[in-house]
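Student: I am new to this structure. Could you take me through the words used for it?
Tutor: Gladly; here it is.

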Amino acid sequence: MTTDTAFVSRYDLRVKLVQDVLKENTKLSDDSCQELAVRLLHTIDNTPERVR
């Protein structure tokens, strides 16, 4: 018996979380929310810890 499970990375889960928040609180399209979520996470991930 085999089961197929799709791997979802933590990064993808984070993007989806931010994307969902943007969709709930803006009138942006799904594609725009996804692009903005990626840019936001990139900015947060590259901000030095002491600045955050």
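Tutor: Let us start with a definition: buried means under 20% relative accessible area, exposed over 50%, and partly exposed in between (1.4 Å probe, protein chains only). This is a predicted model, where local features need pLDDT of at least 70, side-chain atom pairs count only at pLDDT 80 or more, and totals for chains, interfaces and linings use all residues. Residues are numbered from 1 along each chain as its sequence is written, and side-chain values use heavy atoms, with hydrogens and water left out.

Student: Why is Q19 called buried?
Tutor: The relative accessible area of Q19 is 12%, and buried means under 20%, so Q19 counts as buried. Q19 sits in helix α1; helices are DSSP runs (H or I, at least four residues), numbered from the N terminus. Leaving out residues up to four places away in sequence, Q19 touches D30, C33, Q34 and A37, where contact means heavy atoms within 4.5 Å.

Student: What makes K16 partly exposed?
Tutor: K16, also in helix α1, has 42% relative accessibility.

Student: Why is α1 called oblique to α2?
Tutor: The two helices pack at an angle of about 125°, with their axes 8 Å apart. Axes are lines fitted to C-alpha atoms, for helices over the stretch in contact, and angles run from 0 to 180 degrees between N-to-C directions. Under 35 degrees counts as roughly parallel, over 145 as roughly antiparallel, 65 to 115 as roughly perpendicular and the rest as oblique. The angle of about 125° therefore makes α1 oblique to α2.

Student: Which residues form the largest nonpolar core?
Tutor: V15, L22, C33, A37 and L41 form it. A nonpolar core is a set of buried Ala, Val, Leu, Ile, Met, Phe, Trp, Tyr and Cys residues joined through side-chain atoms within 4.5 Å.

Student: What does L22 touch?
Tutor: Leaving aside neighbours within four places in sequence, L22 is in contact with C33, L36, A37 and L40.
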